[in-house]
Amino acid sequence: MSRSTTVKEALKRWQEEHDGQDPIEAKDIQLQFRWPPMEKMDGTLGTLVNCEKLSLSSNMVEKISGLNGMKNLRILSLGRNYIKSLSGIEAVGDTLEELWISYNQIDRLKGVESLRKLKVLYMANNSVRDWTELVKLQAAPALEDLMFAGNPLVENLDEPIYFREVMKRLPQLKKLDGVPMLADDDE
């Protein structure tokens, strides 16, 4: 197989695809489905100071890194990669509102406590096996929309039990796996 695509090469290609627009000025950078796939996030990403939405989905990225300097990043899409932990996400903890990280290999949620503005977390089909990991999401006070289906923790639970157990631990959720959650007095 060919060597992987670097962030620098992907940004150069993005610039060519966008009529020479400078990626440093762009608010939305889509680097998903690169061929050959990207395997690493690096410091080149930190030059994207105006970027509000970054997609690196459907590559072969193994760890989160290189986000220092992305002070405007609100939405980060890393679905369908080989990411095993949230380590490295702290660099955008003050601005990130949405993290799309489904279909990875995440089994621990260490690092989520830095995401103070996180409202949306799509992390279906990962490897979370323990309720103590899910409870770590309490450290994200703004979280209101969680996609969590397909994790080993909830695979064998009936939906009503699953929803009840998650809501017990994360009562602030407004939506779980795309289903609106009703307040107790609405039942």
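Is phenylalanine 163 buried or exposed? With a relative accessibility of 12%, phenylalanine 163 counts as buried. Buried here means under 20% relative accessible area, exposed over 50%, and partly exposed in between (1.4 Å probe, protein chains only).

The model is predicted: local features need pLDDT of at least 70, side-chain atom pairs count only at pLDDT 80 or more, and totals for chains, interfaces and linings use all residues. Residues are numbered from 1 along each chain as its sequence is written, and side-chain values use heavy atoms, with hydrogens and water left out.

Strands (E, at least two residues) are DSSP runs, numbered from the N terminus. Two strands pair if DSSP finds at least two bridges between them. Strand 5 (residues 120-122) pairs with strand 6 (residues 145-147) in the parallel sense, over three bridges. Leucine 121 has leucine 146 as its bridge partner in strand 6.

Aromatic pairs were examined next. Rings of Phe, Tyr and Trp (its six-membered ring) pair if their centres lie within 6.5 Å; planes under 30 degrees apart count as stacked, over 60 as edge-to-face and the rest as tilted. The count comes to two aromatic pairs. Tryptophan 100 and tyrosine 122 are stacked, at 6.3 Å centre to centre and 25° between the planes. Tryptophan 100 belongs to strand 4 (residues 98-100) and tyrosine 122 to strand 5, so this pair ties together parts that are 22 residues apart in sequence. Tryptophan 100 is partly exposed at 24% relative accessibility. Tyrosine 122 is also partly exposed, at 26%. Tyrosine 162 and phenylalanine 163 form an edge-to-face pair, 5.3 Å centre to centre with 75° between the planes. Tyrosine 162 is buried, at 5% relative accessibility.

Tyrosine 162 also meets aspartate 177. Their side chains are joined by a polar contact of 2.6 Å. A polar contact is a pair of N or O atoms within 3.5 Å; within protein, one must be able to donate a hydrogen and the other to accept it, and residues adjacent in sequence count only if both atoms are side-chain atoms. Aspartate 177 sits in the loop between strand 7 (175-176) and strand 8 (179-180). Aspartate 177 is buried, yet has no salt bridge (a side-chain nitrogen of Lys or Arg within 4 Å of a carboxyl oxygen of Asp or Glu). The nearest side chain of opposite charge is lysine 175, 11 Å away; Lys and Arg count as positive, Asp and Glu as negative, while His and the chain ends are not counted.

Note on methods: Helix = DSSP H or I, 4+ residues; strand = E, 2+ residues; numbered from the N terminus.
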